[in-house]
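Please examine the sequence and the model, then read the points below.

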Amino acid sequence: MSTTRILVIGGAGYVGSHFTLCASNAGLRVTVMDNLSKGHRGALRGAEFFQGDLLEFEPLQAHLSRNRYHGIFHFAANCLVGESVSDPAQYYLNNVIAAFNMLEAMRYTNHDRVIFSSSCAVYGIPETLPLKEDHPKNPVSPYGRTKLAVEWMLEDYCTAYGIRSASLRYFNAAGCEPDDGLGEDHRPETHLIPNVVRYALKLQDDLVIFGNDYPTPDGTCIRDYIHVTDLAEAHLKALEKLDSLPLLRLNLGTGRGFSNLDVVKAVGNACGVSLKPEIGPRRPGDPPELVADSGEAFRVLDWRPTRSDLKSICSEVLRWFSEHPEGYAE
Ligand code: UFG
């Protein structure tokens with residue numbers, strides 16, 4: 001039996017690199033394409049690699065003409081909500097136009113399976129919680145809109161050209177694989193868990209919690225943290241599922257929410273100190289609470305998160321930053 005070949009676009013980034021590790025451990029033959037604008041060479045694991053950019057159509061099409069992949073995984077996107085408000089052009093270019101190029105190159109070369117990293121940002125401010133897939137889609141940031149625009153493209157490409165796709169709507173990706181030297185290294189880092197951990201390790205001077213006057217029990221925002229390796233496993237299951245279901249849109253979360261102060265406490269407990277963050281103003285665009293109803297993903301994919309316990313996530317991230325205080329070397 002021949003080995004299943006897959007292409008991972010954005011496989012040097014945070015979620016993409018964890019997926020690449022998981023897929024190669026599962027016996028798939030993985031090729032990573034990444035433009036290294038955000039990703040790190042040091043995060044590449046178990047894969048062939050070529051540097052490429054979805055905005056350069058000709059080389060992409062040439063590559064897909066020469067190689068046959070059973071599935072294409074698209075992780076390559078800009079993903080900061082605040083930045084998308086101040087610089088939407090970058091988001092429409094790198095998230096929408098780039099995805100369009102990928103789909104066109106797939107269409108011309110008869111590749112017909114794609115797994116797309118979508119986001120709970122497609123929903124906007126929740127009207128009901130936990131969020132189900134049929135909740136109205138009213139994204140409040142350009143980032144969320146670009147994700148929804150690609151979901152719509154995928155739906156239309158499925159109907160017209162038979163390209164099968166799974167849009168996986170991540171909640172808050174968290175955790176890492178320190179045994180394999182993989183962590184979370186965004187520059188600048190804007191995410192809560194790495195920032196709390198870096199503060200606890202004195203790798204940064206300040207920790208600000210953005211707002212404590214939200215309508216939540218402790219006044220800080222609530223998020224649903226899902227381990228990157230749980231996300232990765234759901235991607236592998238989604239690829240299999242495309243054989244029988246041509247268009248999937250699924251929430252990937254745990255169904256359990258933690259407040260920002262819960263996270264501060266969990267990191268403090270993991271390193272045995274009491275952390276005292278500053279309370280700052282609200283960060284524009286932050287919904288008070290985002291918690292998934294992932295029942296559909298549990299059922300359709302026969303998948304469950306097994307690594308998403310907040311305590312172990314905090315310990316892993318602490319370990320990775322202790323071992324990589326400067327992040328990846330390259
Ligand atoms: N936060 C702080 N201080 C920090 C960093 C974050 O208080 O230093 C707060 C945020 O204001 C928010 C919570 O921690 O209340 C979580 O923030 P993150 O930046 O870690 O994550 P987000 O929920 O903003 O973003 C995530 C993904 C995005 C996705 C978004 C959907 O990272 O890609 O969920 O809303 F779009």
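Which residue places a polar backbone atom 3.3 Å from an oxygen atom of the ligand? In this predicted model, that residue is cysteine 79.

**Ligand contacts and burial**

- Besides the backbone of cysteine 79, the side chain of asparagine 172 has an N or O atom 3.0 Å from an oxygen atom of the ligand.
- A polar backbone atom of threonine 190 lies 3.4 Å from an oxygen atom of the ligand.
- The protein buries 92% of the 690 Å² that the ligand exposes when taken alone.

**The shell around the ligand**

- The ligand is surrounded by 20 residues, of which Tyr143, Val208, Arg223, Arg283 and Asp286 are the closest.
- By type, the shell consists of 11 nonpolar, 6 polar and 3 charged residues.
- Helix α6 and strand β8 each contribute at least two residues to this shell, and β8 provides the largest share, with 3 residues.

**Helix α8**

- Helix α8 comprises 12 residues, 260–271, and spans 17 Å from its first C-alpha to its last, close to the expected 16 Å.
- The buried residues of α8 are Asn260, Val263, Val264, Ala266, Val267 and Gly268.
- In an α-helix, residues three or four places apart point the same way, because there are 3.6 residues a turn.
- The elements that cover the buried residues of α8 include α6 (192–200), β8 (208–210), β10 (225–227), β12 (258–259) and α10 (310–323).
- Glycine 272 follows α8 and has a positive phi, near 70 degrees.

**Cis peptide bonds**

- The bond from leucine 129 to proline 130 is cis, with omega near -10 degrees; proline 130 belongs to the loop between β5 (113–119) and α5 (142–161).
- The bond from arginine 187 to proline 188 is also cis, with omega near 0 degrees, and proline 188 sits in the loop between β7 (172–174) and α6.

- Leucine 36, in the loop between β2 (29–34) and β3 (48–51), has a positive phi near 60 degrees.
- Aspartate 302, in the loop between α9 (295–301) and α10, has a positive phi near 50 degrees.
- Is aspartate 302 buried or exposed? Aspartate 302 has a relative accessible area of 58%, and the cut-off for exposed is over 50%, so aspartate 302 counts as exposed.

Terms used: Residues are numbered from 1 along each chain as its sequence is written. This is a predicted model: local features need pLDDT of at least 70, side-chain atom pairs count only at pLDDT 80 or more; totals for chains, interfaces and linings use all residues. Side-chain values use heavy atoms; hydrogens and water are left out. Helices (H or I, at least four residues) and strands (E, at least two) are DSSP runs, numbered from the N terminus. The expected span of a helix is 1.5 Å times one less than its number of residues. Buried means under 20% relative accessible area, exposed over 50%, partly exposed in between (1.4 Å probe, protein chains only). Contact means heavy atoms within 4.5 Å. A residue is near a molecule or strand if one of its heavy atoms lies within 4 Å of it. A polar contact is a pair of N or O atoms within 3.5 Å; within protein, one must be able to donate a hydrogen and the other to accept it, and residues adjacent in sequence count only if both atoms are side-chain atoms. Accessible areas come from the Shrake-Rupley method with a 1.4 Å probe; for residues, only the protein chains shown count as cover. Ala, Val, Leu, Ile, Met, Phe, Trp, Tyr, Cys and Pro count as nonpolar, Asp, Glu, Lys and Arg as charged, and the others, Gly among them, as polar.
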